[in-house]
Amino acid sequence: MVARIRKFALPAILILVAFLFPAINVFLENTADVNLMYPVIIVAVYIMLALGLNIVVGFAGLLDLGFVAFYALGAYVVGWLASSHFRQVSISFGTTAVSITGGEPPGIHISFWLILIIAGAFTGLCGAIIGAPTLRLRGDYLAIVTLGFGEIIPRFFQNGGDLGGFNLTNGTIGIKAIDSPGFPFLPDSLYAWQRFGTLDLNPWYYTILVLVLITIYVNIRLRDSKLGRAWISVREDETAAAAMGINPVTTKLWAYAMGAVFGGLAGAYYGAFIKNIFPTSFSFNISILILSMVILGGMGSIYGVILGAIALQGLNFYLLPQINEWVHAIGDAVGSAALSNADVPKYNFFLFGVILVLMMLLRPEGIIPNRQRAEELHDQDPGTGDAMGGSGRA
Amino acid sequence: MTTGEATKTRSAALIDGIKSSTWGSRIAVVLTALLLILLLVEAGQEPAQFTSQLLIGLTNGAILSLVALGYTLVYGIIELINFAHGDNFMIGSFVGLTVLSGTILGLNLFSPITSGSDVLLRIVGVLISLFVAMVACGLLNVGIERVAYKPLRNAPRLAVLITAIGMSFILQNVGLVWKGPIQVPFPELISNANILPSDAIIFRWKDLFVVLVTVPLLVALSYFIGSTKQGKAMRAVAQDKEAAAMVGINVNRTISITFLLGGILAGASGVMYGLFNGITIFNVGFTQGLYAFTAAVLGGIGNLTGAVVGGLLIGVIGAMSDQYIGASWTPIVIFSVLILVLVFRPRGLLGDRSAVQGGGE
């Protein structure tokens, strides 16, 4: 009984803190004059992305360098289905969007909650379609193929403003004015929940919190499932796994598609939250940022990945601007114009590069390691496995 | 009679080959043939423009194939996709630019060499900048191998790949700090004028320059690998590291030399890219590196001739796509080639090492 309490105490406390966070934030705003709501929501989106990638990289041991593709697809699904982008048609269903002139607003406007499901299914399907022919490939080649897809999809969105006269993605301008999520059927007293606004971020926060909790739950359940054990065996030694009757390609395909679903869900939420999406916001750098989170925290470790996401986004939001000020102060003191005008946050990917190299050299299992993963990564016996587990060198 | 017999068996073998081929490869052959016919129809309409574009493609391809050789050399010997190689190429172009500017590490050594300089001075300047960039990139590549890849020699393959990606980002940010976030212009040292007498087909001095630099480098490389003792050692290590060590080959030194060669080629290629295109930018290594990697895979990674053939092909494909599809679609076309080759023919055109698990070797 005590062990059971101990096991659930930490997660319960963390979830409680997460649910009470808006109150804590109000307190912080009154006392220290800092509003953490916006950054925390972005961090939560990245936690979701990192946990999605964790299924692919951490559990199945496939290096995916194009995860941003699914994030972008999710965001564009919400852009297509909840904005006035397709002016040719006028479809509304359970939406919060209203037309100024009355009547049906132009474009497709579908309830955000339905779009979430559509986006998840769509990106999962895309993941399966992309994965099916490519997952036969060996680990490093697969990584490059995923990178290729991760480059093609945003570039396609960039060029998709005129596909034989059809405007699919509105090119570099992107899709603007995406509808807010909301529950239009609620009474007027719950105004903030009827249509999520930009002033009161609490509904946004609780939505992403629920999404993150679902992601964590699915991660845990997958890890402890039959499929999860199949992933471990394929990751450690694909040939042996195949000999035991596990189909490596289907097993990997499940991992790839599940990862894609969460990437798509996070993308759909982000698209609705940020309201305007551009193809340039889905670059290769984002894939690497998410990968760095998974690696810093610990591949396959759920606590680790969450910590990695918080740490790296915290770095982006707070530490780098702070360092920037210090550098400017030093520059002013020394009288060096180069230092006092330096834009440190611009070089954040230098830091992510250093993190990737140092983690791989010094602690490949991450800050909070998954025990099994750590043992695999320190296996000095070449010849077993091929993916992230063993080395598989000839 | 014997010749008739030979042709008969050859045609029989061809028919057998077609019969035993899979539907996937048949479709691929038909589609490729269709694309070629479409291209030839376009070419028939404006042959001069097509030829000029072909020449541009070949020149760009020559630059790419030097980078592709770096990928293929390293992959052949330690089976690592050296992701930082493209950024090494970028550093090469920056080093060349810095040498030409005459101001090195804040010291004003000589006045910048520009398009207005004397012809002899320009030639010397280009040669020196090529040389310095080659040395710098070669040493940089060796340094990266020592610091980042050597400690992971027995680690999982993907761990090393992640390290290489990290190094790539580090180099990219070094470039960002060094020359800033915008495109930097290269001086126009080599004339843009056409060599050929007619104006219809264009082959510029610049293109000639690329050919004049690339061909000797390729000859020297193939001599080094084919005929020197060190080259033999490289081939031995590529085949079997343990056996090579047993017969007294210094494996670590051989790997270092491989990285040195790759870096030297990337350095030369970087300077040529700058002089040829007139610009360079801190993230040029990412796209150009991926193109070059595509070239290496297309030719068959680990295969040196394959890298050159693949480089030329990718150069031509890029130029044709620029001309007939649109420049903004070129990256998509080339990345699609990468994916299609990896999925349908991972051995590449000339084939060497299998990318599919369990196959090859």
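User: What kind of model is this, and how many helices and strands are in chain A?
Analyst: This is a predicted model. Chain A has 15 helices and three strands. Its radius of gyration is 22 Å, close to the 21 Å that the globule rule gives for 394 residues, so chain A is as compact as a globular protein of that length.

User: What does the C-alpha trace of chain A span along its principal axes?
Analyst: About 70 × 60 × 55 Å. Of the 394 residues in chain A, 46% are buried. Among contacts in chain A with a separation of 6 or more, 71% are between residues 24 or more positions apart.

User: And how many helices and strands in chain B?
Analyst: Chain B has 13 helices and four strands. A compact globule of 361 residues would have a radius of gyration near 21 Å, and the 22 Å of chain B agrees with that. The C-alpha trace of chain B spans about 75 × 60 × 40 Å along its principal axes, and 48% of its residues count as buried. Of the contacts between residues at least 6 apart in sequence, 75% join residues at least 24 apart.

User: Back to chain A. Which domains does the assignment give?
Analyst: Domain 1 covers 1–35 and domain 2 covers 36–377. Their centres, taken over C-alpha atoms, are 24 Å apart. Seven residues from domain 1 of chain A and six residues from domain 2 of chain A make the contact. On the domain 1 side there are five nonpolar, two polar and no charged residues.

User: How many residues does each chain give to the contact between A and B?
Analyst: Chain A gives 45 residues and chain B gives 38. On the chain A side, the elements with two or more residues in the contact are helix 4 (112–134), helix 5 (139–159), helix 11 (284–297) and helix 14 (348–362).

User: Which of those gives the most?
Analyst: Helix 5 of chain A, with 13 residues. By class, the side of chain A that touches chain B has 27 nonpolar, ten polar and eight charged residues.

User: Is helix 5 of chain A mostly covered or mostly open?
Analyst: Mostly covered, as 17 of its 21 residues are buried. At 1.5 Å a residue, helix 5 of chain A should span 30 Å, and its end C-alpha atoms are 30 Å apart, which agrees.

User: What about helix 14 of chain A, which residues are buried there?
Analyst: The buried residues are Leu351(A), Phe352(A), Gly353(A), Ile355(A), Leu356(A), Val357(A), Met359(A) and Met360(A). They pack against helix 11 and helix 12 (302–334) of chain A, together with helix 5 (119–149) and helix 6 (157–179) of chain B. For length, the 15 residues of helix 14 of chain A should span 21 Å at 1.5 Å a residue, and the end C-alpha atoms are 21 Å apart, in agreement.

User: How many residues are in the largest nonpolar core?
Analyst: The core has 209 residues. Those with the most contacts inside it are Met48(A), Ala50(A) and Leu161(B).

User: What does Ala50(A) touch, not counting residues up to four places away in sequence?
Analyst: Ile290(A), Met293(A), Val294(A), Val305(A), Gly308(A) and Ala309(A).

User: Now the loops. Where is Pro105(A), and is Pro105(A) buried or exposed?
Analyst: Pro105(A) sits in the loop between strand 2 (90–93) and strand 3 (107–110) of chain A. Pro105(A) counts as buried because it has 20 C-beta neighbours inside 10 Å. Pro105(A) and Ile91(A) are 14 residues apart in sequence, and their C-alpha atoms are 7.9 Å apart.

User: What is phi for Ala177(A)?
Analyst: Phi of Ala177(A) is positive, about 50°, although the residue is not a glycine. Most residues other than glycine have a negative phi. Ala177(A) lies in the loop between helix 5 and helix 6 (191–194) of chain A. With 13 other C-beta atoms within 10 Å, Ala177(A) is partly exposed.

User: And Lys275(A), what is its phi and where does it lie?
Analyst: Phi of Lys275(A) is near 75°, a positive value in a residue other than glycine. Lys275(A) is in the loop between helix 10 (248–274) and helix 11 of chain A. Lys275(A) is partly exposed, with 16 other C-beta atoms within 10 Å.

Conventions:
Residues numbered from 1 in each chain as written. Chains lettered and ligands numbered in written order. Predicted model: local features only at pLDDT ≥ 70, side-chain atom pairs only at ≥ 80, totals over all residues. Rg over C-alpha atoms; globule rule 2.2 N^0.38 Å. Buried ≥ 20, exposed ≤ 12 C-beta atoms within 10 Å, placed from the backbone. Contact = placed C-beta atoms within 7 Å. Domains from an automatic or database assignment. Nonpolar A, V, L, I, M, F, W, Y, C, P; charged D, E, K, R; others polar. Expected span 1.5 Å × (residues − 1). Core = buried A, V, L, I, M, F, W, Y, C linked by C-beta atoms within 7 Å.
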